[in-house]
Amino acid sequence: MAQNCLGGVLNPSKTLKPKCIPINHSNPSSLSSSSLRKFILTKSKKCLPPSICISASMSSSQQHQPPPSLESLKTSERRNEVLNAIHSSLNNCLFETHLDLTVPGLKSKTRGKVRDIYDGGNYLVLVTTDRQSAFDRVLASVPFKGQVLNETSLWWFNKTQHIVPNAVVSAPDKNVTIAKKCSIFPIEFVVRGYVTGSTDTSLWAVYKKGVRNYCGNVLPDGMVKNQKLSENILTPTTKAADHDVPVTPDEIIQCGLMSRADYEEASKRALQLFEYGQHVAMKHGLVLVDTKYEFGKAPDGTVLLVDEVHTPDSSRYWIGHSYQERFWNGLEPENVDKEFLRLWFNDHCNPYEDKVLPDAPEELVSELAWRYIFLFETITDSSFEIPTAKEPIHDRITQNVSQALKSLL
């Protein structure tokens with residue numbers, strides 16, 4: 001729909017210029033990808049972005065702590081402890097909820113890729129399940145995923161209230177957030193700091209096809225995968241049922257998806273949230289690569305942050321201290337999100353077109369669960385509370401949500 005609603009100019013296209021990277025010097029277009037990567041780093045070595053030179057910006061106390069690494073992801077006492085719990089819970093994931101049948105007062109249920117959303121009158125009850133999605137479909141169930149996503153978002157919601165208000169009312173359960181009802185804008189605000197990705201709508205996927213004007217951002221020639229952009233950019237998409245569609249700010253307004261004022265407010269807040277998220281991640285030795293935000297409008301006209309914030313489902317995170325060397329050598333960055341799961345499915349099938357996909361190996365699912373918990377603990381400086389198996393998850397959620405809704409009436 002958005003592609004047929006062209007016309008008018010909301011904002012002129014933003015032209016990105018490489019910082020300290022003279023791409024056209026010595027005809028780098030004739031270089032191989034690896035040679036071009038080395039050329040870029042050599043020419044820009046004196047102006048590396050803060051997220052590459054993480055140790056330089058850490059406090060002295062932080063520098064005494066070993067930075068997170070892929071090795072710490074693979075070998076640690078904490079990892080062994082968490083993996084044991086993960087393995088024992090592989091057959092006890094929260095794949096589906098039916099609170100409309102067990103909690104008085106809840107009305108209709110909407111099933112998203114990951115969340116089950118219930119109408120609670122003046123409120124919405126959002127249950128984050130253990131479903132794992134990518135490529136616009138559910139791929140697996142991951143132990144503790146719903147809890148770690150919900151608690152990660154709640155931590156960020158609390159930390160970002162100085163930037164934008166949010167819709168959170170309470171969190172009565174490890175997997176549940178009760179939120180204010182608001183009108184959700186049909187746009188996902190995707191903010192990117194790097195040219196990367198493996199899905200059809202990722203910046204690297206479209207860039208390598210020759211696209212140089214993407215969602216109103218004019219990109220320079222000569223960039224390579226995983227290279228940092230000269231500045232963060234916003235690449236919004238429509239929230240389609242099957243597949244999100246990239247859209248320009250101009251198209252959003254012309255199609256009536258958002259008003260000019262609402263779009264400008266939400267886009268401003270999205271960029272501020274991302275910059276703040278990058279700062280927090282950098283202090284903990286991580287790179288926040290890209291993410292997506294969703295916003296809604298309260299009855300009083302306030303733009304609210306909704307859904308999730310800076311989770312490994314909605315964001316890419318890389319290990320900071322190893323990024324530069326791996327980029328130099330043409331290696332993929334060490335990631336702490338679901339990108340390695342995407343890459344596995346890309347290697348074993350066509351995840352967009354194959355009707356039946358292979359089952360994700362248990363080792364892969366367990367590793368993903370551990371990485372999500374590792375990220376939560378690294379960012380929040382806290383220990384993830386592993387739930388006990390004494391009480392069925394659905395029964396626990398039913399009881400906690402029932403009590404919470406009674407207190408709100």
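Predicted model: local features only at pLDDT ≥ 70, side-chain atom pairs only at ≥ 80, totals over all residues.
Helix axes here are lines fitted to C-alpha atoms over the stretch in contact, with angles running from 0 to 180 degrees between N-to-C directions.

**Helix packing around α6**

Helix α6 (residues 145-159) has two partners to look at. The axes of α6 and helix α9 (residues 260-283) come within 12 Å and cross at roughly 115°. Angles of 65 to 115 degrees count as roughly perpendicular, so α6 is roughly perpendicular to α9. This crossing of α6 and α9 is right-handed. On the α6 side, the contact is made by W155, W156 and K159, which meet Y276, G277 and V280 of α9.

The other partner is α12. Its axis and that of α6 come within 10 Å, crossing at roughly 20°. That angle makes α6 roughly parallel to α12, and the crossing is left-handed. The α6 residues K145, V148, L149, E151, T152, W155 and W156 meet Y372, I373, F376, I379 and T380 in α12.

Here are the two pairs side by side:

| Helix pair | Axes come within | Crossing angle |
|---|---|---|
| α6 and α9 | 12 Å | roughly 115° |
| α6 and α12 | 10 Å | roughly 20° |

**The nonpolar cores**

Which residues have the most contacts inside the largest nonpolar core? They are F189, Y293, F295, Y317 and F345, in a core of 66 residues. Helix α12 (residues 362-380) gives the most to this core, with 11 residues. Another core, of 14 residues, lies apart from it and includes Y118, V176, I397 and A404.

F189 is worth a visit. Leaving aside neighbours within four places in sequence, F189 is in contact with L234, M258, Y263, A266, S267, A270, T291, K292, Y293 and F295.

**H310, a buried loop residue**

H310 sits in the loop between β17 (303-306) and β18 (315-319). Is H310 buried or exposed? With a relative accessible area of 0%, H310 is buried. Beyond its neighbours within four places in sequence, H310 is in contact with T152, W156, L273, F274, G277, L288, T291, Y293, S315 and Y317. The C-alpha atoms of H310 and K292 are separated by 7.9 Å, while the two residues are 18 residues apart along the chain.

**Loops with positive phi**

The loop between β17 and β18 also holds D307. Phi of D307 is near 70°, a positive value in a residue other than glycine. D307 is partly exposed, with a relative accessible area of 23%.

C215 likewise has a positive phi, near 55°, and is not a glycine. C215 lies in the loop between β11 (213-214) and β12 (217-218), and is buried, with a relative accessible area of 7%.

**One face of α10**

In helix α10 (residues 320-328), the buried residues are G320, S322, Y323 and F327. Seen down the axis of α10, they fall within an arc of 135°, so they line one face of the helix. After α10 comes G330, with a positive phi near 75°.

**The chain as a whole**

Stepping back, the protein chain comes to 13 helices and 18 strands. Of its 409 residues, 55% are buried. Among contacts with a separation of 6 or more, 68% are accounted for by residues 24 or more positions apart.

Technical notes: Residues numbered from 1 in each chain as written. Heavy atoms only, no water. Core = buried A, V, L, I, M, F, W, Y, C linked by side-chain atoms within 4.5 Å. Buried < 20%, exposed > 50% of the residue type's maximum accessible area, 1.4 Å probe, protein only. Helix = DSSP H or I, 4+ residues; strand = E, 2+ residues; numbered from the N terminus. Contact = heavy atoms within 4.5 Å. Arc of directions from axis to C-beta. Parallel < 35°, antiparallel > 145°, perpendicular 65-115°, else oblique. Left-handed = near helix turned anticlockwise from the far one by under 90°.
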